[in-house]
Amino acid sequence: MASDIDRIIITDLQAILLFILKGMRLTTEHILLLISATGEFIYLYFGILAATAAFNREKLELIMGHAHNTTQEITNQKIFVAENALTFVMNSIDIAQIAIQTFALVIATSNLPFNWNDVNDPQRVKHYITEVLYYLCVCNGAKWVTDSFIEGHYLRSSEAKILVFGDTTWTGITQTTYPLVLFYRFHSVHMTLKVIDKINNE
């Protein structure tokens, strides 16, 4: 029964997505947004994988034992678990936010028509939407700044990720995906400003 329901939901979602994609034309900006979003998804996914290792007793003991044999120092096991729990929650929230934001930006900047005459008090609605979009711009801009100048300096010192994946593998992951993470936030600001300009000109 559950599998039948899942199959129906997936089929409906595929039909909706195909209907939307047939009505729009993906531009270079859309493709760049989708590629960079994929890079951030991958980066966050590996962060979640590393964080979940702290919730498994056997893996945690293995990590703690490996830490004593390397240059990595874990002073308190409870703090280590709490930090990884926070990483798990924050990365999960980021993935959900990126998925919704990317989908919304692709649709909003596409050639799909929207009739504001069908909306009660369109000027007021436009005002509220632009206020939310400006807030989104600030958040993405702030995330780009913190990722560029703060978090970027601590990528190599992430204890859990290095201990789970190894220094070489984690370095390869960050060097491949982190530039896309930075580009996604910067490009999102640009796309959001385009949506604001589109709303104001309609």
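**View 1. Surroundings of Leu33.** Leaving aside neighbours within four places in sequence, Leu33 is in contact (heavy atoms within 4.5 Å) with Thr102, Leu105, Val106, Tyr184, His187, Ser188 and Met191. The model is predicted, so local features are reported at pLDDT of at least 70 and side-chain atom pairs only at pLDDT 80 or more, whereas totals for chains, interfaces and linings use all residues. Residues are numbered from 1 along each chain as its sequence is written, and side-chain values use heavy atoms, with hydrogens and water left out.

**View 2. The largest nonpolar core.** A nonpolar core is a set of buried Ala, Val, Leu, Ile, Met, Phe, Trp, Tyr and Cys residues joined through side-chain atoms within 4.5 Å; buried means under 20% relative accessible area, exposed over 50%, and partly exposed in between, with a 1.4 Å probe and protein chains only. The largest such core holds 20 residues, among which Leu33, Tyr43 and Trp170 touch the most other members. At least two residues of this core come from each of α2 (28–52), α4 (77–108), α6 (159–165) and α7 (167–200), and α7 gives the most, with nine residues. Helices are DSSP runs of H or I with at least four residues, strands are runs of E with at least two, and both are numbered from the N terminus.

**View 3. Helix α2 and Glu40.** Helix α2 has 25 residues and reaches 36 Å from its first C-alpha to its last, close to the 36 Å expected at 1.5 Å a residue, where the expected span is 1.5 Å times one less than the number of residues. Its buried residues include His30, Leu33, Ser36, Tyr43 and Leu44. Glu40, which also lies in α2, is buried, with a relative accessible area of 2%.

**View 4. Val106 in helix α4.** Val106 lies in helix α4 and is buried, with a relative accessible area of 8%. The C-alpha atom of Val106 is separated by 8.0 Å from that of Leu26, although the two residues are 80 residues apart along the chain.

**View 5. Aromatic pairs.** Rings of Phe, Tyr and Trp (its six-membered ring) pair if their centres lie within 6.5 Å, and planes under 30 degrees apart count as stacked, over 60 as edge-to-face and the rest as tilted. Four aromatic pairs are found in a search of the whole structure. Trp144 and Phe186 form a tilted pair, with 5.5 Å centre to centre and 50° between the planes. This pair links distant parts of the chain, with Trp144 in helix α5 (residues 122–149) and Phe186 in helix α7, 42 residues apart. Trp144 is partly exposed, with a relative accessible area of 28%. Tyr43, Trp170 and Tyr178 form one aromatic cluster.

**View 6. The course of helix α7.** The 34 residues of α7 should span 50 Å at 1.5 Å a residue, and the end C-alpha atoms of α7 are 49 Å apart, which agrees. Helix α7 bends by about 35° at Thr177, and a proline, Pro179, follows within four residues; the bend at a residue is the angle between axes fitted to the seven residues ending there and the seven starting there.

**View 7. The chain as a whole.** The protein chain contains seven helices and zero strands. Of its 202 residues, 31% are buried, and among contacts with a separation of 6 or more, 84% join residues 24 or more positions apart.
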